[in-house]
There are 8 protein chains.
Amino acid sequence: MNQSELLKILESVKSGDLAPVEAIDRLKHLPFEDLGFAKVDHHRALRQGFAEVIFGKGKTPQQVAAIVKAMLRKKDSRHNILVTRADAKLFAPVKKLNRTAKFHALSGVITIERSTEITGKGTILVVSAGTSDIPVAEEALLTARMMGNRAEPLYDVGIAGIHRLLDHRGKLVEARVIICVAGMEGALPSVVGGLVAVPVIAVPTSVGYGASFGGVAALLGMLNSCTSNVTVVNIDNGFGAACVASCINRL
Amino acid sequence: MNQSELLKILESVKSGDLAPVEAIDRLKHLPFEDLGFAKVDHHRALRQGFAEVIFGKGKTPQQVAAIVKAMLRKKDSRHNILVTRADAKLFAPVKKLNRTAKFHALSGVITIERSTEITGKGTILVVSAGTSDIPVAEEALLTARMMGNRAEPLYDVGIAGIHRLLDHRGKLVEARVIICVAGMEGALPSVVGGLVAVPVIAVPTSVGYGASFGGVAALLGMLNSCTSNVTVVNIDNGFGAACVASCINRL
Amino acid sequence: MNQSELLKILESVKSGDLAPVEAIDRLKHLPFEDLGFAKVDHHRALRQGFAEVIFGKGKTPQQVAAIVKAMLRKKDSRHNILVTRADAKLFAPVKKLNRTAKFHALSGVITIERSTEITGKGTILVVSAGTSDIPVAEEALLTARMMGNRAEPLYDVGIAGIHRLLDHRGKLVEARVIICVAGMEGALPSVVGGLVAVPVIAVPTSVGYGASFGGVAALLGMLNSCTSNVTVVNIDNGFGAACVASCINRL
Amino acid sequence: MNQSELLKILESVKSGDLAPVEAIDRLKHLPFEDLGFAKVDHHRALRQGFAEVIFGKGKTPQQVAAIVKAMLRKKDSRHNILVTRADAKLFAPVKKLNRTAKFHALSGVITIERSTEITGKGTILVVSAGTSDIPVAEEALLTARMMGNRAEPLYDVGIAGIHRLLDHRGKLVEARVIICVAGMEGALPSVVGGLVAVPVIAVPTSVGYGASFGGVAALLGMLNSCTSNVTVVNIDNGFGAACVASCINRL
Amino acid sequence: MNQSELLKILESVKSGDLAPVEAIDRLKHLPFEDLGFAKVDHHRALRQGFAEVIFGKGKTPQQVAAIVKAMLRKKDSRHNILVTRADAKLFAPVKKLNRTAKFHALSGVITIERSTEITGKGTILVVSAGTSDIPVAEEALLTARMMGNRAEPLYDVGIAGIHRLLDHRGKLVEARVIICVAGMEGALPSVVGGLVAVPVIAVPTSVGYGASFGGVAALLGMLNSCTSNVTVVNIDNGFGAACVASCINRL
Amino acid sequence: MNQSELLKILESVKSGDLAPVEAIDRLKHLPFEDLGFAKVDHHRALRQGFAEVIFGKGKTPQQVAAIVKAMLRKKDSRHNILVTRADAKLFAPVKKLNRTAKFHALSGVITIERSTEITGKGTILVVSAGTSDIPVAEEALLTARMMGNRAEPLYDVGIAGIHRLLDHRGKLVEARVIICVAGMEGALPSVVGGLVAVPVIAVPTSVGYGASFGGVAALLGMLNSCTSNVTVVNIDNGFGAACVASCINRL
Amino acid sequence: MNQSELLKILESVKSGDLAPVEAIDRLKHLPFEDLGFAKVDHHRALRQGFAEVIFGKGKTPQQVAAIVKAMLRKKDSRHNILVTRADAKLFAPVKKLNRTAKFHALSGVITIERSTEITGKGTILVVSAGTSDIPVAEEALLTARMMGNRAEPLYDVGIAGIHRLLDHRGKLVEARVIICVAGMEGALPSVVGGLVAVPVIAVPTSVGYGASFGGVAALLGMLNSCTSNVTVVNIDNGFGAACVASCINRL
Amino acid sequence: MNQSELLKILESVKSGDLAPVEAIDRLKHLPFEDLGFAKVDHHRALRQGFAEVIFGKGKTPQQVAAIVKAMLRKKDSRHNILVTRADAKLFAPVKKLNRTAKFHALSGVITIERSTEITGKGTILVVSAGTSDIPVAEEALLTARMMGNRAEPLYDVGIAGIHRLLDHRGKLVEARVIICVAGMEGALPSVVGGLVAVPVIAVPTSVGYGASFGGVAALLGMLNSCTSNVTVVNIDNGFGAACVASCINRL
């Protein structure tokens, strides 16, 4: 049922052709979602500052290009466009569609920046333990920026040399939300969480070998954090961490 | 919003106080579930032949009695009442509420039979491998019966002595749905499934020790069944298996 | 021993050459399956509407072609032929054997349709959560159709946007059996199961990364479903789900 | 070293008794945290609105009472006191120490409320799936309140009956942070997250049996949530979820 | 169908009342196991030297007593009777049934020895690593003896002090089959297997703590044995190891 | 120290040059294995009927060829030579060394048969469930034969069509040892074990997908077998199963 | 064979009663360990500073007392005696045997100190994260002391408040070996290891709940430590850590 | 802040330009690590005998070359340079930078030896079980040597032929630290540990198949070692084992 159908019912009520109690019966059996539900969803998208994100992995260059094309077609939209888990092959046709598209090789992220408006209230700091964690950290950093946040990196401050982290306590204290990316034993969020009073989103990475079990060791470490301001997202989910951080930073 | 509120809107439309297009806007923002949704749910309950089932484990005798009392109060309802994972302590106050309540010690099930109508079309056969699997099998059997099915047991036909099972091929072939309960290696459903053309609901049990890992071995065995008419429910979930079987048997 | 051999024994009994008690001894040591057992198996195949299905993965194009050739040779058979987990290489020689053979690239299924007879009583609805789940969903859809069922898809109705699913409540309610395919947290079957009164066959997919552990998260989610009309098959087993659904749909 | 000691060194420098280069040596070997570090820590405690929380499990009534006594001794402190994972035995001596102490049997939480000041900016909504999840939900609710937040419960809105949740969309939309507690398949946070634009802290519970593996199924489900505003804490960690929510609610 | 029924059919054939082709039809539908199948099973029991073994765990004293009573009733049987995983409570009523019944507290085994005939050809040596493994080792030892084997213990020869084992190389070399019981790292079978040329049945035990995971470490160690004459049974399954060893020792 | 050195010491004792107590001291510090230990090992090899087996996987063609060459150099040895987990590349140089070398592509085994003597007392039957299990079954079959056993295959008798297995009960009953190879749910050994009285060596295979977890489901199924004459070796370890079976068959 | 027997053989050689070549034969078949092997073992015990340690768990008071009695009987021995995993019941009879016996309730350790000699070269520092880790830490501390080491505790310096640890950098730097005990995420050893240049023995504890999985999270964290001077022992194995530390401290 | 800045503050105090209480304030806010902390870190590097190690895996040849170049630039440094997990591609540009660079193909290690000074006090013995464990063993051996230790290999002494190990008891006894590398059941460290009194660092390898689970079986075996002088590092972590051994060998 669309609006015109609903209008018909209501006009029948107005005209007296349909008694109000009978109208109730009809309305009860309507597929209720058609009562504007899609709009609500649209509003949600608007509030989050994004039209849509494309998870590139497993999609063909043609598929990605088609989706990006559809997004670009809505001329009045100023939403940034983000393709995650992409590579050079996926980037080629996107670049043709839009000259400003950029491919960030380290994180496998494609960005089309159409708005530089900052809607987040504070800074999101993305902290990472080792150099191998940087791809995930960069995915988080770029996502946070594309979603309208000031976002800064603080990399290679693993706990094996604790002073490297302590040297930057200033940066930690100034952040409004912290994303903390770490593989191996995944202990960095606990230390970081202990130094600040803001929420810390922990991202375990699949970096490591042997008993790291593809990030499980880091994941379990973070879930068992002895610091009470730490929450956790899935292994390698830099994008998700940035979404949550962005949610929080708009509050 | 309840019906009277909705009526008010419609009557305003009828009286001309509210234009149809304005009414649409108001209706859009209604909590739509109030448009009779609860009834739909009620219908689902009716279709499944049950008012409510009580999962007894973790509830106090007082809590169980209170819920049963509420159920019995709906005088015109003829639904059977079922309490699973119960024990003698939970049964005591229920017995006081209703003289016909029975406690089935083997399976820990309490039944209050208020209707003996058979609504299932065929027979549900509950097959079990070993004597230790019987509690789960009985939970399935009683649930199936309380839900209006003819249900028959076929116990202790494990595959270590395959002839015990083959001896009863007649029973297997006559069933419309088969529930197959097995612990340890959980291989019975594969053999049973190979002998019949009807759906087989496999229930792994936590019976076993060591590498049975509380039913995991049986669960994995069933999920990997080489027979294509087998589906699986959770470990020890005799109740769930009977619900599905009952759904199927009403088709 | 075939029937002619058995006949010989019985005729010796008739003629008096073999005493009845001696005949018992001989019969005891017969490989009993030869007493028509193979036929029973053949009947089972017939009832399920299939001569044979070929699991293509791990087979060479030559092997698959040889099996298909043998199937096609039985001229009077009108069974549809299905090769699952296939690819373009496996398809090439099959295409040469039979012009009507089709390769469904999305699901990796090869079909040779020789009968369009509908033997299932109702519609099997194949619901999937995300676009990445579609290959498994398509395997289920094509299998269901090849087995003589009306089968319809309802894709991309994941629970993150619950209204997408609720929009199609009509389709859900009309189905006789529902196959529900989902990866990641695998929660779709629980929501779907709560909206209908028919059996829901849940298929976890290996879609996801990190803590999805190749489909384990979805599998566990489905086994723990809080909805009582849900059963589960192995990860990515769209074929198996369709077999069970087909079994049920013929009841 | 406290400030007075540091002052002494500096005054020796001022008086000329200690050469600046010698002072450097002394300062290098100072336990540097004494340079105000403890204060920082104290500030952190203040900002989080808590003197200390006592994890009751594994402690004797004497130990708990001793810690509470020490807390109560700081007369000028107005911090609320919270003992989690407690029972009646732990409560007895605490009650003697402070008449206003309350024991919340459902969640095993002891509270001593000394301040009712609301420091959180919005409402924290605690949503739970089943009645068995309520103990964990209550731990979260009480913790959030003791930490100076408006916190409201929304219980028993599991996804098997999706309308129960949709009925309360108003409450969901009004919350500033949502804590979502669920056992079994743990799918509630995904559905809730899809309906709102604020952060959702998911708490898996150990409720369930068989393949729930003490909360692992729910945990994995939540980590794999298809909704991007969901983060996760440890199994049964209602307290931790409330701490994070409280952090966020003060931003 | 028993023999007399079969005889009837065959006599009808003989008398001409039943045509041989008709007889074939009837025979086809016989539950074929009745063609002496039960006897085969009985023979198997006889060949293995046991009427039946009772797995005591989870059975009531009444149930165990009833089964033992039924076994003792077959006056002409001389089979030994074995109850495993028993305790003093299960033993009490068994003792009343038979004065010669013995309870072996260390292993939780009840034995009623009715035959001392040795049917195994050689000696079964039961080797165990630590003193905590002795209960499982004793279950194996008693089972082996009750099944008609010469069986000898060789305990406390763990590999941490390899000379303890090497001191008894004579015993190892003389055995015809070796059962090797070990918890913790479960490495004993590999060392023992390297010293002999006979089959070694490895039994992991649940002895240990932490990362022994209830015997999983030992189980995996044994499955990965670098010695090629080692096979494995379930954790703590001393009984099963002795059954296999007994099978081998009768060859 | 070799025998000549030991002889020197003893002759010094004899000649009086070395006092017995001094000789004791010298002997204590001897590497005791030189007292014939290597021979014992050599004897063990002889008793097992093999000079050495080469695990081909991970070795270069050059390495494999070098080892085979060394084996062939011992002209008086008549031991068969076996290379497992090999491929065509490994075979090429071996073929050049010995014209009689054969490569068995299905199982990846290279054999050089230098003796056809049968030293095993009975027949080893290698039973497999599905066609995909045949590579592992063939590894077992060839190993058993190369070790001097009569060994026969019985393939494709999985339990989904139980009659296929029962048809060959004769073969099962005649075997002295049975190797039973199965993937997926791994239930075949339980059924086979129930039909015979000889030891059954179960080999789980990594055949399957999803919840088969690379053979874990089959492994657990076999370890939990309800049949007491079943033991288990590592996943895909056809070689190991044949070694144990060969050990048993020589008893 | 003891020395006197060996002497006999050698004297027979000397006297000419036994030819040297015959003596070789006899010596070959000696249980070679009797050639002083037991002594070597004895020496090992001496070097490690311990007669024997008793693992109390699972032993009866009588058993423990009997072993202690046997140890005390060797009057000339000055070794300290240690019973781990003990309780008050095990202690009672030990106390009667020796007045100086002490029971350390926190760690469940019984000590009988007969020597206070310090044989370790430096200090073993036992660092622990939380108060709940103290039982395991104390087991390590007492074991280290009983084995002749200076051993000092440094407790409650978890990484959530990193300054607590940094405050004691002096103690860390002065230690010769560090034992680091931590539950939950087990990250303390990484931080400690980064601050020192000596070996760190990490002990995961079973402290925690939910996804700590009885110490698995801590164990994995430690195995994946990003600090290269960390090794790991089993969960809760304070005793083992102290043994290794003691080994190192004697070097 | 460096020393000169600190000096300035102190001189201002001395000159009276800065009051002591004001100086305290300034000092409190200093990044305290600058008080010589970096030096400590530098010292740690010096004490460990290494400027830096490069973990080659996942780095490009360019990246590795750039890091090596930076290391070589510090002309006065005589530290050896080590690249682990490297291959021929990574080696090519390194070779161009330094003629003395060597690539060890077996272990994938690149070494640039600039110092042959021995700083370790005793010998580190690297023992390995099978030939497949040699790559990991070699990584340990080369690392130990590059860190200034005498290090010797003892390979292919697995426990299946225990005499191979016992033959080399002399070497074992002479070592100051032992690194013990083993895959499959990982039992070698337990046997080795029982023969010596020095610390044994156990390295599980991912060698094996099936239930070895990529080294998990070996890892668990080692963690559960019944020998008390064994500690464990991560799977395949030969480098880490050598670091710890080197730490110990310098004590």
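Analyst: Let's start with chain A: of its 251 residues, 60% count as buried. Buried means under 20% relative accessible area, exposed means over 50%, and partly exposed is what lies in between (1.4 Å probe, protein chains only). Keep in mind that this is a predicted model, where local features need pLDDT of at least 70 and side-chain atom pairs count only at pLDDT 80 or more, while totals for chains, interfaces and linings use all residues. Residues are numbered from 1 along each chain as its sequence is written, chains are lettered from A and ligands numbered from 1 in the order in which they are written, and side-chain values use heavy atoms, with hydrogens and water left out.

User: How many helices and strands does chain A have?

Analyst: Chain A has 11 helices and nine strands. As for contacts in chain A between residues at least 6 apart in sequence, 68% join residues at least 24 apart. A contact here means heavy atoms within 4.5 Å.

User: Why is Thr111(H) called buried?

Analyst: Its relative accessible area is 5%, so Thr111(H) gets the buried label. Thr111(H) sits in strand E4 (residues 109–112) of chain H. Leaving out residues up to four places away in sequence, Thr111(H) touches Ile81(H), Leu82(H), Thr100(H), Ala101(H), Lys102(H), His104(H) and Met146(H).

User: What makes the pairing of Thr111(H) and His104(H) a polar contact?

Analyst: Their side chains come to 2.9 Å. The rule asks for a pair of N or O atoms within 3.5 Å; within protein, one must be able to donate a hydrogen and the other to accept it, and residues adjacent in sequence count only if both atoms are side-chain atoms. The 2.9 Å pair therefore passes as a polar contact.

User: And what about Ala182(F), buried or exposed?

Analyst: Buried, because its relative accessible area is 1%. Ala182(F) belongs to strand E7 (residues 177–182) of chain F. Among the residues Ala182(F) touches are Ala129(F), Leu188(F), Val203(F) and Met222(F).

User: Why is Asp156(F) called partly exposed?

Analyst: Asp156(F) comes out at 33% relative accessibility, so it falls in the partly exposed class. You'll find Asp156(F) in the loop between strand E6 (150–154) and helix H7 (162–166) of chain F. Its phi is near 65°, a positive value in a residue other than glycine.

User: What makes Phe213(E) partly exposed?

Analyst: Again a value of 33%, this time for the relative accessible area of Phe213(E). Phe213(E) is in the loop between strand E8 (200–204) and helix H10 (216–223) of chain E, and its phi, near 45°, is positive although the residue isn't glycine.

User: How do you know that helix H10 of chain H is largely enclosed?

Analyst: Eight of the eight residues of H10(H) (residues 216–223) are buried, so the rest of the structure largely encloses that helix. Among them are Val216(H), Leu219(H), Gly221(H) and Met222(H). Helix H9 (residues 188–195) of chain D also has eight of its eight residues buried, including Pro189(D), Val191(D) and Gly194(D).

User: How are H6 and H11 of chain E packed?

Analyst: Two packed helices are described by the angle between their axes and the distance between the axes. For H6(E) (residues 134–146) and H11(E) (residues 238–250), the angle is about 35° and the axes are 7 Å apart. Axes are lines fitted to C-alpha atoms, for helices over the stretch in contact, and angles run from 0 to 180 degrees between N-to-C directions. Residues making this contact include Val136(E) and Ala140(E) of H6(E), and Phe239(E) and Ala242(E) of H11(E).

User: What do chain D and chain A bury between them?

Analyst: About 2700 Å², with 66% of it on carbon and sulfur atoms. Buried area is the accessible area (1.4 Å probe) that two parts lose on being put together, summed over both. Chain D brings 31 residues to the contact and chain A brings 31 residues.

Notes:
Helices (H or I, at least four residues) and strands (E, at least two) are DSSP runs, numbered from the N terminus.
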